[in-house]
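Here's a quick briefing to read with the model open beside you.

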Amino acid sequence: MSSYPPESIVHKITNHSCAFPECTNSKLKGASMQLCKGCKRVHYCGRDCQRADWARHKPKCKLQAELLAEEARRCGRLQHDYESWKTVMAPVLFTLICNYGLQVMFQPANISTKFMYLSIRARQPPPSNPRKLFIFNSVEVVDRSRMVALLQPGLNDFLQHLEEADEDSKKRGHAGAAGLLIHVHTAEGESATIRCNPVKITREASMLEPYADWKGVVKNIIDDGINLRRRIAEKERAGELEGRVYTNIQ
Ligand SMILES: [Zn+2]
Ligand SMILES: [Zn+2]
């Protein structure tokens with residue numbers, strides 16, 4: 001079970017220093033730093049420093065490289081399961097999370113000043129029903145300024161992607177695109193992968209009034225694998241729904 005913030009994924013992102021102990025070069029000092037290709041953990045200011053440090057760094061590097069390979073194998077399965085889950089759950093669930101959590105209807109500015117952080121973990125043993133592949137860990141509203149620290153390497157373009165989606169949504173007269181980060185854990189609860197989604201909110205709906213227990217609702221939906229589309233369609237037919245949610249998930 002993990003809570004926010006998951007310290008294991010908050011990267012030391014700003015000042016890479018050369019890993020060779022006798023060298024004081026760093027990114028802040030203007031050196032162009034390169035990541036060690038083996039462990040993808042430490043940086044060097046150049047080949048000379050990497051060579052000079054190799055005898056010292058080698059054992060750690062090999063161990064970390066093995067851990068990375070193992071994680072890549074595990075993540076392959078995890079990402080596949082996440083995509084299956086997302087296909088059936090995301091269209092309404094992500095919208096609901098962003099609307100309730102960010103209170104789009106009452107605080108429209110929240111779309112661009114905050115983002116949603118959702119943490120889920122794989123159910124063990126993996127069920128055949130894709131809706132039940134994951135269990136709820138937590139969901140939080142977080143200041144947008146913290147997003148960069150949560151983004152894994154390779155996902156840095158997400159912020160730009162999000163801004164473009166936001167602009168595009170507003171150009172169409174819609175409410176904007178909210179940011180949703182999903183931390184996907186293995187069943188053992190280890191940090192595994194972070195997925196990012198801009199959630200384009202095309203219209204606020206009257207059903208989305210501030211709701212104190214919205215986190216409990218999200219938890220139930222995920223843990224029970226509820227088919228929200230069907231549930232909403234049923235309510236609409238029965239005339240029990242006051243408003244509608246229109247969104248476009250990317
Ligand atoms: Zn150096
Ligand atoms: Zn290394």
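What follows covers the confidence, the metal sites, the aromatic rings and the strands.

This is a predicted model, so local features need pLDDT of at least 70 and side-chain atom pairs count only at pLDDT 80 or more, while totals for chains, interfaces and linings use all residues. Residues are numbered from 1 along each chain as its sequence is written, chains are lettered from A and ligands numbered from 1 in the order in which they are written, and side-chain values use heavy atoms, with hydrogens and water left out.

**Confidence**

- The protein chain averages a pLDDT of 79, with 83% of its residues at 70 or more; pLDDT is the predictor's confidence in each residue, from 0 to 100.
- Helices (H or I, at least four residues) and strands (E, at least two) are DSSP runs, numbered from the N terminus.
- Residues 1–14 stay under 50 in pLDDT, and the model gives them 31 contacts beyond four places in sequence. Contact here means heavy atoms within 4.5 Å.
- Residues 246–250 are also below 50, with 23 contacts beyond near neighbours in sequence.

- Donors are N, O and S atoms within 2.8 Å of the metal (3.2 Å for Na, K and Ca); water is not among the atoms, so sites may look incomplete.
- Cys45 is partly exposed at 22% relative accessibility, whereas Cys49 is buried at 12%. Buried means under 20% relative accessible area, exposed over 50%, and partly exposed in between (1.4 Å probe, protein chains only).

**Zinc ion (ligand 2)**

- This zinc ion is held by Cys36 (SG), Cys39 (SG), His57 (NE2) and Cys61 (SG) at 2.0 to 2.4 Å.
- The arrangement is tetrahedral because the four donor atoms subtend angles of 103 to 124 degrees around the zinc ion (ligand 2).
- The donors follow C-x2-C-x17-H-x3-C along the chain, and both Cys36 and Cys39 are buried.

**Aromatic rings**

- There are four aromatic pairs. Rings of Phe, Tyr and Trp (its six-membered ring) pair if their centres lie within 6.5 Å; planes under 30 degrees apart count as stacked, over 60 as edge-to-face and the rest as tilted.
- Tyr82 and Trp85 make a tilted pair, 6.0 Å centre to centre with 35 degrees between the planes. They sit three residues apart in helix H1 (residues 47–102), which means about one helical turn separates them.
- Tyr82 is buried at 1% relative accessible area, and Trp85 is buried at 0%.
- Trp85 also pairs with Phe94: the centres are 6.4 Å apart and the planes at 50 degrees, so this pair is tilted. Phe94 is buried, with a relative accessible area of 0%.
- Ring pairs join Tyr82, Trp85, Phe94 and Phe134 into a cluster.

**Strands E3 and E4**

- Strand E3 (residues 114–122) pairs with E4 in the antiparallel sense over nine bridges; strands pair if DSSP finds at least two bridges between them.
- Phe134 in E4 is the bridge partner of Ala122.
- E4 is largely enclosed by the rest of the structure because seven of its ten residues are buried.

How values were computed. Four donors count as tetrahedral if all angles lie between 85 and 135 degrees; four count as square planar and six as octahedral if opposite donors are over 155 degrees apart and all others between 65 and 115; anything else is irregular.
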